[in-house]
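The sequence and model come first.

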Amino acid sequence: MGPLRSVVLAGGGTGGHVYPLLAFADCLRRHDPGVRITCLGTPRGMENDLIPPQGYDLRQIPAYQLPRSVNMNLVRTPGRMWTAARAAGKVIDEVRAEVVVGFGGYVSVPAYLAAWRRELPMVIHEVNVPPGVANKLGMKFTKNVAVGFPNQPSQAESLRDATVVGVPLRRSIAGLDRYALRNAARAHFGLRPDLPVLFVSGGSSGARSINLAVSGAAKELARNGVQVLHVMGARNEPVPIPTDLPVPYVTLPYLSEMELGYAAADLMLARGGAMTVAEVAAIGLPTIYVPYPHSNQEQRRNALPVVEAGGGLLVDDAELTPDWLERTVIPLIRDPQRLYNMGAAAGSYGRRDGDEALRSFVLAAVAR
């Protein structure tokens with residue numbers, strides 16, 4: 001078939017839905033600058049801050065939180081859901097979309113329903129196990145399901161027949177050469193080029209338990225020559241850091257250029273969100289994962305295959321203390337050979353071509 005002329009992308013609410021959507025949009029545009037890309041979002045989602053600045057058309061439609069169980073009675077629910085689906089359908093009709101690609105989040109449900117009613121090809125991209133409620137509903141209407149990680153089809157019955165394509169990543173990350181950018185990245189943050197760096201981030205919202213543990217270990221880390229680059233999280237109260245440290249400890253509320261943090265780092269301490277796992281595995285950055293404890297454990301399932309491959313360590317949130325960090329981080333970050341081996345193991349699990357693989361999958365789905 002010829003190039004796509006018009007595509008509707010649906011995904012919102014969190015960075016885990018919006019970032020792969022944007023990376024995929026960039027991939028489509030690289031291949032065909034003339035393709036029409038229309039993104040669906042909600043009035044309150046993170047997509048409003050992220051999508052328009054990248055030059056993509058964002059249309060807001062109403063979207064509603066779904067009950068946790070997914071069945072056909074949910075689809076038949078009158079009222080709000082069909083109102084949202086009609087709004088999505090109007091956008092689909094206006095832009096003459098040839099395919100709907102959904103990345104999850106409540107805004108995806110109206111898009112899936114509208115595509116189904118029009119018998120329009122739809123593709124679902126899922127990065128979590130179990131699948132999110134919105135994508136689980138969408139799977140009632142299409143067999144075109146792509147997943148981000150090789151472990152997913154064996155971990156969830158609903159994903160058994162899914163195709164592994166990887167996670168679309170921003171080119172600044174997918175093309176990152178950590179070693180080539182290291183000195184420039186450290187200079188950017190005011191870090192020394194000659195001492196190891198621990199990069200800490202609890203995700204876009206931050207993680208207070210991680211912040212407290214690392215700040216509590218700050219003196220001992222610094223005494224052992226370990227620099228820290230610490231993204232506290234925009235929604236978190238900053239925690240106090242000792243001021244008389246012999247080596248740099250740099251704090252930031254938020255970091256949009258994560259590739260600079262990755263390049264500066266020898267080792268990372270992070271949650272186990274799907275995007276974080278996809279990014280650090282792709283670039284081969286050894287990582288200590290501290291999965292978010294108050295959930296259905298999907299972050300643990302995200303990180304575990306990388307850890308089992310040798311690319312990182314896993315610690316429960318409740319066990320993350322200053323003492324644990326001191327005992328674990330200091331000997332690890334001062335062992336270049338072990339770090340190198342962990343990075344190579346992570347890189348063998350991760351992949352950098354998720355955007356291209358998803359594009360091929362979408363083209364095949366439309367051709368069918």
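Leaving out residues up to four places away in sequence, N128 is in contact (heavy atoms within 4.5 Å) with Q152, L159, A274, E298 and N302. N128 sits in the loop that runs between β5 (122–126) and α6 (133–138); helices (H or I, at least four residues) and strands (E, at least two) are DSSP runs, numbered from the N terminus. N128 counts as partly exposed because its relative accessible area is 21%, where buried means under 20%, exposed over 50% and partly exposed in between, with a 1.4 Å probe and protein chains only.

The model is predicted, so local features need pLDDT of at least 70 and side-chain atom pairs count only at pLDDT 80 or more, while totals for chains, interfaces and linings use all residues. Residues are numbered from 1 along each chain as its sequence is written, and side-chain values use heavy atoms, with hydrogens and water left out.

An unreviewed UniProt entry lists T14, G15, G16, N128, R170, S204 and Q299 under "binding site". Its positions are given in the numbering used here, feature names are shortened, and annotations may be inferred rather than shown by experiment. From this set, R170 is part of the lining of the second largest pocket.

The chain is divided into domain 1 (4–168 + 351–365) and domain 2 (170–347), with bounds from an automatic or database domain assignment. The contact between them takes 19 residues from domain 1 and 19 residues from domain 2. Their C-alpha centres lie 30 Å apart. The second largest pocket lies between the two domains because both give residues to its lining.

Pockets are found on a 1 Å grid over the protein atoms alone: a pocket is an open set of points where a 1.4 Å probe fits, with protein on both sides within 12 Å along at least five of seven lines, and lining residues have an atom within 4 Å of a point. The second largest pocket has a volume of about 240 Å³; grid points are joined across faces, edges and corners, and the volume is the space filled by probe spheres set on the points.

## Lining of the second largest pocket

The lining consists of Y19, L22, D26, D49, L50, P53, Q54, R170, R171, S172, Y254 and S256. Helices α1 (15–31), α2 (47–50) and α8 each supply at least two of the lining residues, and α1 gives the most, with 3 residues. By class there are 5 nonpolar, 3 polar and 4 charged residues. Here Ala, Val, Leu, Ile, Met, Phe, Trp, Tyr, Cys and Pro count as nonpolar, Asp, Glu, Lys and Arg as charged, and the others, Gly among them, as polar.

R170 lies in the loop between β7 (163–164) and α8 (171–174). Apart from neighbours within four places in sequence, R170 touches Y19, A23, S256 and E279.

## Buried helices

One of the contacts of R170, E279, is among the buried residues of α13. Helix α13 (residues 274–283) is mostly covered, with 10 of its 10 residues buried. Just after α13, G284 has a positive phi of about 70°.

In helix α10 (residues 208–216), the buried residues include I210, N211, A213, V214 and S215. Among the elements covering the buried residues of α10 are β8 (197–201), α11 (218–223), β9 (227–231), β10 (249–252), β11 (267–270) and α15 (322–333).

G89 belongs to helix α4 (residues 80–95) and is buried, at 0% relative accessibility. Not counting residues up to four places away in sequence, G89 touches A114 and R118.

## Backbone and exposed loop residues

V129 and P130 are joined by a cis peptide bond with omega of about -5°. P130 is placed in the loop between β5 and α6, the loop that also holds N128.

Two non-glycine residues have positive phi values: R96 near 50° and E119 near 55°. R96 is in the loop between α4 and β4 (99–102) and is exposed, with a relative accessible area of 71%. E119 lies in the loop between α5 (108–117) and β5 and counts as exposed at 75% relative accessibility.

D161, in the loop between α7 (152–155) and β7, is exposed with a relative accessible area of 63%. The C-alpha atoms of D161 and V145 are 7.9 Å apart, with the two residues separated by 16 residues along the chain.
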